[in-house]
Amino acid sequence: MAAHRLTLLLLFIMRREERHCQALSVDPPESIDIYDPGHLGRLDITWRPPASLHNLTECPQMYQLEYFDSYQNSWTAIRTPARTYTAQFDLMKDVSVRVYTLLSGPCTNGHLVTSSNYTELVWKAPSTGVADTAVKDFTCVFYNMMYVKCTWERSPKTPANSQHNLYFWHKELQQTKECPKYLLSNGVQTGCDFTGKPLPEFTDVSFCVNGSSPEGPLKPTYITLQIQNHVKPDTTGELHLQTGSDAQLELRWTNPAGRVPKHCLEWEVEHNQEGRSKKTILISTEATSLTLPSVSDNLRNCFRVRCRLDKYCTETSFWSDWSRQICHPKEIPSSAEPQQEPVSIFVYLAAVIITALLLLLGVWEVLKMRNHGQVKKLDPLTASAGRSSAL
């Protein structure tokens, strides 16, 4: 009986706490501000707590920040006790931010209460620059993890006598810097060479490509990336091909020199069979050797390889250039040369038979005319054929 009363008391207390929590309301933050320190899209977001919680010190306050990530095309949510947060944005697109207030502790009986509304700010993108003049196909390549080169393509609508400039920033820099060495094409800046100016790995590096023209400023382009996700390994320099037991082909090659981790490489082998019919096969492997079953002596087998970083070491990667090609045997076997098709032989035979019949017909006509005492001027070819036949 006592236990039953205790259970009823606990249920009563829990229901009363639930009603209390349901009755408790929390206001959203009063305001949101966005500050641009000039770091190419790295914006500082700050907000003020609701005035109703200024004197509420026994309950910890948290906030849920949500912002639209235009690079991922989705919303990102962050919970933090701070009232400031820094995130990367594409400055050519609107910045949308909203913040909720979260409350817990003794005043909520240990429950987490979220404000039913949120405070929102939409930061409009500046509409500057000549329309349709932003650069295309911006690409950065981390060559063999030694140096970085970034390139871009000009828009077809870029006015003549225009010039693009590249600026970059990362957290190790106090301020934005310009490209240390531009890549030129017919006097036009189409890329940036960072050789001798290393960029940090596993760190967001922000780029801006803008420019000027006689018609006004060009549309800027903002890009953020991490260079370890843009590695292009060097080409392997050594390939070895030999025949093993049972006429097997054994192909071996070496890893490219440099900083690229050997355990991160995946390989693609291109196998070309040359002979009566040609065939190309692509083989994927993580090893630096490959053994093929016995092959025909009438075929010439050629190989080349390339590599890239696998998905376990990086998000994306570029294929290396193809290695030089190595073949066995070095020359195409004579027996493997294309043979004449039976159809072609039949055509030749038919032509010979028809020619012989025409010659016989010509000879028969000559004999016929002689027998009848007729003299006719024969065609030079027929006459020649007739004389040859008579001889």
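Let's start with a charge above a ring: Arg-306 lies over the face of Trp-319, at 4.5 Å from the ring centre. A charge counts as sitting over a ring if NZ of Lys or CZ of Arg is within 6 Å of the ring centre and within 35 degrees of the ring normal. Arg-98 does this too, its charged end sitting over the ring of Tyr-118, 5.3 Å from the centre.

A word on the model: it is predicted, so local features need pLDDT of at least 70 and side-chain atom pairs pLDDT 80 or more, while totals for chains, interfaces and linings use all residues. Residues are numbered from 1 along each chain as its sequence is written, and side-chain values use heavy atoms, leaving out hydrogens and water.

The whole structure holds eleven aromatic pairs (rings of Phe, Tyr and Trp, the last by its six-membered ring, with centres within 6.5 Å; planes under 30 degrees apart are stacked, over 60 edge-to-face, the rest tilted). One of them, Tyr-143 with Tyr-147, is stacked, at 5.3 Å between centres and 20° between planes.

Phe-168 and Phe-194 make an edge-to-face pair, because their planes stand at 85°, with centres 5.1 Å apart. Phe-168 belongs to strand S11 (residues 163-169) and Phe-194 to the loop between strands S14 (188-193) and S15 (205-213), so the pair links distant parts of the chain, 26 residues apart (strands are DSSP runs of E, at least two residues, numbered from the N terminus). Phe-194 is buried at 1% relative accessible area, and Phe-168 is buried at 8% (buried means under 20%, exposed over 50%, partly exposed in between, with a 1.4 Å probe and protein chains only). Both rings join Phe-138, Trp-152 and Phe-207 in a cluster linked by ring pairs.

Technical notes: Helix = DSSP H or I, 4+ residues; strand = E, 2+ residues; numbered from the N terminus.
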